[in-house]
Amino acid sequence: VSRSTCCLLMFLRIWRFITIILTALLMGATFCHVLESPAKMRYPAELYLTLHRTLYVAFGPPNVGAFIEIGAILAAAALVFLTRKRRPAFWLTFAGAAFLVAGLVVYFVFVEPANVAMKAMSLNAPPTGWTQWRDQWEYGHIAHFIFQLLGFSALAFSIIFEISAAHVTLRPASAPRKLRGPLGPHWRPER
C-alpha cells in the first residue's frame, strides 16, 4: 500500500470522526428538548414563554447550536463525496447526510415559525391559542431529533459495514496474513 493511499485512508478516518462527533453533539442538543418536553407541556404560559426566551439562547444563531448543526451537515456532505467509491459505505453515508438535511427542513418548517410566534407573545397575556404554537415547537423538536438519530445511525452503520466488508476477504491458507495497523493494512508472511 502506497504512502498516499495510507494518507487518504487516515484523512477519511479523521473526517468520519469529525462528522460523527458533530452529529452526536447535534443529536444531544435536540435530545434534551425531547427529554424536557413532558414536563414543559404542563407549564403555565408565563413560565413556558419565559423559559423559551431565556433557556434556549445558546441553541440558535448566532450561538453554538446553529454552527454545530450546519457543521454536521457540511461534514456529512463532504463525507458523501469522500466515500463515493466505497460501497456500501457510500449509500449509508448518503442516507445519513440526507436525514440530517431533512431534520433541518423540519426545524425550519415547524420549529422556527413557532419560535417567531412565541417570541412575539406577551408573557403576561399570551393569546388564547398559544398552546398550538407550544405543541408545534415541542413536536417539531421531537421530529427533528428523530431525523438526527436516523442520520447518526446511518453514519455509524456506514463505518461498521465498511469495516465488516474489508474483513470479509477470502484467501488461500498459503497467502500472507493481513494485519491492520493505525495507518491501514500491512502484510506479513504467516508464522
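Predicted model: local features only at pLDDT ≥ 70, side-chain atom pairs only at ≥ 80, totals over all residues.

Tutor: Gladly! Residues are numbered from 1 along each chain as its sequence is written, and side-chain values use heavy atoms, with hydrogens and water left out.

Student: In what order do the elements run from the N terminus on?
Tutor: The chain has five helices and two strands. Helices (H or I, at least four residues) and strands (E, at least two) are DSSP runs, numbered from the N terminus. Read in that direction, the order is α-α-α-α-α-β-β.

Student: What percentage of the residues of the chain count as buried?
Tutor: Buried means under 20% relative accessible area, exposed means over 50%, and partly exposed is in between (1.4 Å probe, protein chains only). Of the 191 residues of the chain, the buried share is 34%.

Student: How do the axes of helix 3 and helix 4 run, roughly parallel or roughly antiparallel?
Tutor: Two packed helices are described by the angle between their axes and the distance between the axes. Axes here are lines fitted to C-alpha atoms, for helices over the stretch in contact, and angles run from 0 to 180 degrees between N-to-C directions. Helix 3 (residues 64-82) and helix 4 (residues 89-120) have axes that come within 9 Å and cross at roughly 155 degrees. Angles under 35 degrees count as roughly parallel, over 145 as roughly antiparallel, 65 to 115 as roughly perpendicular and the rest as oblique, so this pair is roughly antiparallel.

Student: Which residues of helix 4 meet helix 3?
Tutor: On the helix 3 side, the contact involves Glu69, Ile70, Ala72, Ile73, Ala76, Ala77, Leu79 and Val80. By class, the contact of helix 3 with helix 4 has 13 nonpolar, two polar and one charged residues; Ala, Val, Leu, Ile, Met, Phe, Trp, Tyr, Cys and Pro count as nonpolar, Asp, Glu, Lys and Arg as charged, and the others, Gly among them, as polar.

Student: What is the handedness of the crossing of helix 1 and helix 3?
Tutor: Helix 1 (residues 3-40) and helix 3 pack at an angle of about 150 degrees, with their axes 8 Å apart. A crossing is left-handed if the near helix is turned anticlockwise from the far one by less than a right angle, and right-handed if clockwise. The crossing of helix 1 and helix 3 is left-handed.

Student: Where do the buried residues of helix 2 sit around the axis?
Tutor: In helix 2 (residues 45-54), the buried residues are Ala45, Tyr48, Leu49 and His52. They cover an arc of only 90 degrees around the axis (taken from the directions from the helix axis to the C-beta atoms), which puts them on the same side of helix 2.

Student: How far apart are the C-alpha atoms of Met121 and Leu49?
Tutor: Met121 is placed in the loop between helix 4 and helix 5, and at 7% relative accessibility Met121 counts as buried. Leaving out residues up to four places away in sequence, Met121 touches Leu49, Arg53, Pro126, Pro127, Trp130 and Trp133. Met121 and Leu49 are 72 residues apart along the chain, and their C-alpha atoms are separated by 8.1 Å.

Student: Which residues is Glu138 in contact with, leaving aside its neighbours within four places in sequence?
Tutor: Glu138 lies in helix 5 (residues 130-167). At 1% relative accessibility, Glu138 counts as buried. The residues in contact with Glu138 are His33, Ser37, Lys40, Met41 and Tyr48.

Notes. Contact = heavy atoms within 4.5 Å.
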